Amino acid sequence: MTDGEFRRSWWHLDFLAGLNGTQYFIPQKGYKFQGEETRSGGIKIIDKVTYNPDHPFFRDFKYLNSHCTRWNYS
């Protein structure tokens, strides 16, 4: 089951921004790629990158998991 991840702008940036020692920022311009400009967004490393037990993805997983039926494969 998935919620489609529609609330996320960039999955990898949302994940990295949830770690300790990182900070999400919005640059003035996006990155150029094959003649197009991406949406603006980036991650700054501001300290040692470490595990965050309060990472928002854990909360998201718990919420989604609470709506899933547990399968019994025994």
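Phe15 lies in helix H1, which covers residues 11-17; helices here are DSSP runs of H or I with at least four residues, strands are runs of E with at least two, and both are numbered from the N terminus. The model is a predicted one, in which local features need pLDDT of at least 70 and side-chain atom pairs count only at pLDDT 80 or more, while totals for chains, interfaces and linings use all residues. Residues are numbered from 1 along each chain as its sequence is written, and side-chain values use heavy atoms, with hydrogens and water left out.

The chain has two helices and four strands. Along the sequence they follow the pattern α-β-β-β-β-α. Of the 74 residues in the chain, 18% are buried. Buried means under 20% relative accessible area, exposed means over 50%, and partly exposed lies in between (1.4 Å probe, protein chains only).

Phe15 has a relative accessibility of 31% and therefore counts as partly exposed. Together with Trp11 and Leu16, Phe15 makes a nonpolar surface patch of about 280 Å². Patches are made of residues with over 30% relative accessible area and no salt bridge; like charges are joined within 9 Å, and nonpolar side chains (Val, Leu, Ile, Met, Phe, Trp, Tyr) within 5 Å. The areas come from the Shrake-Rupley method with a 1.4 Å probe, and for residues only the protein chains shown count as cover.

A search of the whole structure finds two aromatic pairs. In one of them, Phe15 and Phe57 are tilted, at 5.8 Å centre to centre with 55° between the planes. Phe15 lies in helix H1 and Phe57 in helix H2 (residues 56-65), so the pair ties together parts that are 42 residues apart in sequence. Phe57, at 17% relative accessibility, counts as buried. Rings of Phe, Tyr and Trp (its six-membered ring) pair if their centres lie within 6.5 Å; planes under 30 degrees apart count as stacked, over 60 as edge-to-face and the rest as tilted.

Another ring, that of Phe25, has Lys44 over its face, at 5.0 Å from the ring centre. For such a placement, NZ of Lys or CZ of Arg must be within 6 Å of the ring centre and within 35 degrees of the ring normal.

Thr22 lies in strand S1 (residues 20-25) and is buried, with a relative accessible area of 11%. Its side chain reaches two backbone oxygens: that of Leu16 at 2.6 Å and that of Leu19 at 3.0 Å. A polar contact is a pair of N or O atoms within 3.5 Å; within protein, one must be able to donate a hydrogen and the other to accept it, and residues adjacent in sequence count only if both atoms are side-chain atoms.

Gln34 lies in the loop between strand S2 (32-33) and strand S3 (36-37). Gln34 is not a glycine, yet has a positive phi of about 50°. At 72% relative accessibility, Gln34 counts as exposed.

The whole structure holds two salt bridges, each a side-chain nitrogen of Lys or Arg within 4 Å of a carboxyl oxygen of Asp or Glu. Glu37 and Lys32 meet at 3.7 Å, N to O. Glu37 is partly exposed at 42% relative accessibility, and Lys32 is exposed at 66%. Asp60 and Arg59 meet at 3.9 Å, N to O. Asp60 is buried at 17% relative accessibility, whereas Arg59 is exposed at 55%.
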